[in-house]
Amino acid sequence: MTENYSFADGVVSFMIALTGVAEAAHLYGVFLHRPLSECAILFGILSALALIALVTVAIWRRRRRRQPGIKGEDGLATRVLLVCVILLAVSQLLYIVMGKGVYRQGDMTVETVGSFLQTNALYQVNPMTGRAYEGGIPSRLKVLCLPTMYASFCSFFHMPPDRLVWCVIPVLTLAACYAAYTCLAGSLFPGDKRRQLCFLFIVALLIWAGNYEAGVDGFQILSSGWRGVTLRNTVLIPYAISLCLRKKYLHALLCILAEVCIVWTLYGLGACLLVILGMMIIQFLWGKRKPGEEDAR
């Protein structure tokens, strides 16, 4: 990130970095048959190194010159929009913490994390039967790193799996979601604080409005924020779009890799890739327009 690097970029980048180091620790445990305790230590060391690296890069890349003024920064409308966005975000945070809308149908994340902690091993015991997997598990499932990440957090903070998965992780996902959309707002309306806040206000309203049915993004983030599909739809995809708008395609490739590590089966797999390819094609075609077309508009 050579320019326009913000705190919101750092939040999402750290989430992607955590996914990467969790995948490394997960593969270490699955294919080398190492205990969860070793994977958790490896995950902790790599996470600390990733955080140090991101902070170092952010400090190094920060421009020394004073940033130019932002339009609409001091207006009353801007302040009102900021307060509205904060209130909506806080209300969503409280909704998640209360745990009234947790949607667990067809999900075994808590049981899987619990089996990891009880056996100190990865995918050795079927959480539904308590016995070893007789027919094994699909190879694609072995790649997914979220259960190992969550089990490592439980091990570090001595937290029960249900508390971490159903409360703590969704709160972090909500924060990463707003960070990703903040980056997208800055890419769509560079230098215009009022329009950026207006965009975030609409996003916050749509999150609440989407809480009516399972499968909608708003429902996913408010009721199942620990799932890989939720992280992809509400964090990786909007962040990938913001990166493409800033023409940071190499950084956007990390969104594709993160999706591979967290989404189960071919359902939705490759969505980030399709979004990035679509953005690249649109920008290529837009750049091929004749010089006079822009002025003609």
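Biologist: Which are the buried residues of helix 4?

Modeller: This is a predicted model, and in it the buried residues of helix 4 are Thr 109, Val 110, Thr 112, Val 113, Gly 114, Ser 115 and Phe 116. They pack against helix 2 (36-61), helix 6 and helix 7. After helix 4 comes Asn 120, with a positive phi near 55 degrees.

Biologist: Why is Tyr 123 called buried?

Modeller: Its relative accessibility is 12%, and buried means under 20%; Tyr 123 therefore counts as buried. Tyr 123 lies in the loop between helix 4 and helix 5 (139-143). Although Tyr 123 is not a glycine, its phi is positive, at about 50 degrees.

Biologist: Where does His 158 lie, and is His 158 buried or exposed?

Modeller: His 158 is placed in the loop between helix 6 (146-157) and helix 7. The relative accessibility of His 158 is 72%, and exposed means over 50%, so His 158 counts as exposed. Here too a residue other than glycine has a positive phi, near 50 degrees.

Biologist: Let us turn to helix 3. How do you know that its length is close to what is expected for a helix?

Modeller: Helix 3 has 23 residues and spans 33 Å from its first C-alpha to its last. At 1.5 Å a residue, 33 Å is expected, and the reach of helix 3 is close to that value. Gly 99 follows helix 3 and has a positive phi, near 70 degrees.

Biologist: Which residues of helix 3 are buried, and what covers them?

Modeller: Thr 78, Leu 81, Val 85, Leu 88, Ala 89, Gln 92 and Ile 96 are buried in helix 3. Their cover includes helix 7 (161-188), helix 8 (193-209) and helix 9 (217-223).

Biologist: What makes Val 90 partly exposed?

Modeller: Val 90 lies in helix 3 (residues 76-98) and has a relative accessible area of 39%. Since buried means under 20% and exposed over 50%, Val 90 is partly exposed. Val 90 also belongs to a nonpolar surface patch with Leu 82, Ile 86, Leu 94 and Met 98. Together these residues have about 460 Å² of accessible area.

Biologist: How many aromatic pairs does the structure hold?

Modeller: The structure holds 8 aromatic pairs. One of them joins Tyr 103 and Phe 219, with 5.3 Å centre to centre and 75 degrees between the planes. As edge-to-face requires over 60 degrees, the pair of Tyr 103 and Phe 219 is edge-to-face.

Biologist: Why is this pair said to tie together separate parts of the sequence?

Modeller: Tyr 103 lies in the loop between helix 3 and helix 4 (109-119), and Phe 219 in helix 9, so the pair ties together parts that are 116 residues apart in sequence. Tyr 103 is partly exposed, with a relative accessible area of 25%. Phe 219, at 11% relative accessibility, counts as buried, because that value falls under 20%.

Biologist: Which residues form one aromatic cluster?

Modeller: The cluster is formed by Phe 43, Phe 153, Phe 156 and Phe 157.

Biologist: Why is Gly 278 called partly exposed?

Modeller: Gly 278, in helix 12 (residues 271-287), has a relative accessibility of 26%. Gly 278 and Ile 241 are 37 residues apart in sequence, and their C-alpha atoms are 9.8 Å apart in space.

Biologist: How many helices and strands has the protein chain as a whole?

Modeller: The protein chain has 13 helices and 0 strands. Of its 297 residues, 43% are buried. Among contacts with a separation of 6 or more, 71% come from residues 24 or more positions apart. The chain exposes about 16,500 Å², of which carbon and sulfur atoms supply 65%.

Technical notes: Residues numbered from 1 in each chain as written. Predicted model: local features only at pLDDT ≥ 70, side-chain atom pairs only at ≥ 80, totals over all residues. Heavy atoms only, no water. Patch = residues over 30% accessible without salt bridge, like charges linked within 9 Å, V, L, I, M, F, W, Y side chains within 5 Å. Areas by Shrake-Rupley, 256 points an atom, 1.4 Å probe, with all protein chains shown as cover. Salt bridge = Lys/Arg side-chain N within 4 Å of Asp/Glu carboxyl O. Helix = DSSP H or I, 4+ residues; strand = E, 2+ residues; numbered from the N terminus. Buried < 20%, exposed > 50% of the residue type's maximum accessible area, 1.4 Å probe, protein only. Expected span 1.5 Å × (residues − 1). Contact = heavy atoms within 4.5 Å. Phe/Tyr/Trp six-rings, centres within 6.5 Å; stacked < 30°, edge-to-face > 60°.
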